[in-house]
Amino acid sequence: MSSPLALLGGKPTIPESTPHFTWPPLTNGTTKAVLDQLASGISIYDRSGVIAQLEDALAEYFGVRYAVLTSSGTAALHSMYAACRVRPGDEIIVPAYTFFATVTPLLHLGATPVLADCDANGNLDPRDVAEKITDRTFAIVVTHMWGTPADAFGLRALAERHGIHLLEDPSHAHGASMAGQKTGTFGRAAAFSMNGPKPLSAGEGGFVLTDVEDVYYRTLLHGQYNKRCRNELPKDYQLAPYGVTGMGLKHRIHPLAASIALDQLGHLDEYLAGRARIAASMIEQLDGMPGIAVPRLGSDVRSSWYGLILQYRSEELDGLSIERFYEALHAEGCMEVDRPGSTGPLNLFPLFQNPGPLFPHYEGKFSYAPGDFPRAEEIHRNTLKLPVWHREEDMPLVDRYMAAFRKVADHYRDLLE
Ligand SMILES: *Cc1c(COP(=O)(O)O)cnc(C)c1O
């Protein structure tokens, strides 16, 4: 049998060499920002220079009172949880489907993560959260998966009704919004990553946002000890005597990373607008293709398009496995099509099935298992992720990716055993 599919000996659709997608966009402006910072200082102990500039710019961009930079998103989440006074034994409702660092810092504070399932978009489902609330629940944590806002209004109303906190991990969703309100401004605090591929990138870095003064001071005490705390904690603040040591962790961002992020932040809205245009074109081209379901966003939802998440429907292709479809796309040259590994249902990881060997405190406290979160697991199993490009000149490559999808879907029968 001869087939045009590259996997079966045909000509690949995309001959260009990889990578086909890189992030963040680095310009001469980025290089200049880094070199200028290199000349002016590579460790900053207080809130001055590029640290103050970037924190001010973030507070303004998000419309919040306080922003604190950190060395990573994981550190930002750890500081946020500590600053919101999560205590040992508190139950924190978290998404079953998220990147694990949304939850792992809670294990270092002795809190109990209570996993909840997602909705059809992969975002935390308020209905499942409602069923998990007990009198030990302290907070709900929401991730806006792949850049598309979760039902933040629904979750906030639920949290308010029960007198518990809503906290956000918008690490995929810088600049995304719902009814004009940006993700990261819905709860008591938010913790973002600025890791390499994130919509706002520092290479490595993160930040905490809050409007609450006490959360701000405690965020400083958690990971920005000594000079910064001594300068900023008011003399009459009850925790001011702890300023020198804070809680003893050091989560400061590197000034060179901050200079990259400050440069990137100046372009963020322009990058997101470009992504929105290209995502719309990709969705239009993929809509109705057998085997592929495209995301449907409400008209008031603006995604950061950290990824375009497609759902594979093997039943529309006579049961062809996702593995085989994916292999055929890669053979066509679609090397940026991904099946996410480390971002997936947490109940599939040994850490959440049997935490005891690494965290003795949790021996026998919780044990999740495959099958516990059917929606999250099904979405994860059927996910094909594409990056979303942002420049007009990327369109020819985007169109070739779309042509490769059409080719594989048109000839799927050649792939059946
Ligand atoms: C990337 C990411 C983190 C962790 O951020 P780091 O900067 O890598 O420590 C946490 N949560 C989510 C949802 C992420 O995507």
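At the start of H3, which residue has a side-chain oxygen that reaches to within 3.3 Å of the backbone nitrogen of Thr-74? The residue is Ser-72. The structure is a predicted model, in which local features need pLDDT of at least 70 and side-chain atom pairs count only at pLDDT 80 or more, while totals for chains, interfaces and linings use all residues. Residues are numbered from 1 along each chain as its sequence is written, and side-chain values use heavy atoms, with hydrogens and water left out.

Helices (H or I, at least four residues) and strands (E, at least two) are DSSP runs, numbered from the N terminus. Ten of the eleven residues of H3 are buried, where buried means under 20% relative accessible area, exposed over 50%, and partly exposed in between (1.4 Å probe, protein chains only). The buried set consists of Gly-73, Ala-75, Ala-76, Leu-77, His-78, Ser-79, Met-80, Tyr-81, Ala-82 and Ala-83. Just after H3, Arg-85 adopts a positive phi of about 65°.

A polar backbone atom of Gly-73 is 2.7 Å from an oxygen atom of the ligand. An N or O atom in the side chain of Ser-193 is likewise 2.7 Å from a ligand oxygen atom, and a polar side-chain atom of Lys-198 lies 2.9 Å from an oxygen atom of the ligand. Of the 380 Å² of accessible area that the ligand has on its own, the protein covers 91%; accessible areas come from the Shrake-Rupley method with a 1.4 Å probe, and for residues only the protein chains shown count as cover.

Helix H2 (residues 49-62) has 14 residues, which should span 20 Å at 1.5 Å a residue, and its end C-alpha atoms are 20 Å apart, in agreement. The expected span is 1.5 Å times one less than the number of residues in the helix. Within H2, the buried residues are Val-50, Ile-51, Ala-52, Leu-54, Glu-55, Leu-58, Ala-59, Tyr-61 and Phe-62. Gly-63 follows H2 and has a positive phi, near 70°.

Strand S10 (206-210) is largely enclosed by the rest of the structure, because five of its five residues are buried. Both faces of S10 are covered, with Gly-206, Val-208 and Thr-210 buried on one side and Phe-207 and Leu-209 on the other. Two strands pair if DSSP finds at least two bridges between them. Strand S1 (residues 66-70) runs antiparallel to S10 and is joined to it by five bridges, with Val-68 and Val-208 as bridge partners. S9 also pairs with S10 in the antiparallel sense over five bridges, and Ala-190 stands opposite Leu-209. The loop between strand S9 (189-193) and S10 contains Gly-203, which counts as partly exposed at 32% relative accessibility. Gly-203 and Ile-260 are 57 residues apart in sequence, yet their C-alpha atoms are 7.7 Å apart in space.

Three further strands form an open antiparallel sheet in the order S8-S7-S12. Strand S8 (181-182) and strand S12 (301-302) are the edge strands, each pairing on one side only. Two bridges link strand S7 (residues 177-178) to S8 in the antiparallel sense, and Met-178 stands opposite Gln-181.

Two further loop positions were examined. Thr-148, in the loop between strand S5 (137-143) and helix H6 (152-162), is buried, with a relative accessible area of 13%. The side chains of Thr-148 and Ser-303 are joined by a polar contact of 3.0 Å. Glu-315, in the loop between strand S13 (308-312) and helix H11 (322-331), counts as exposed at 59% relative accessibility. Glu-315 and Pro-290 are 25 residues apart in sequence and 9.3 Å apart in space, C-alpha to C-alpha.

Definitions and conventions. A polar contact is a pair of N or O atoms within 3.5 Å; within protein, one must be able to donate a hydrogen and the other to accept it, and residues adjacent in sequence count only if both atoms are side-chain atoms.
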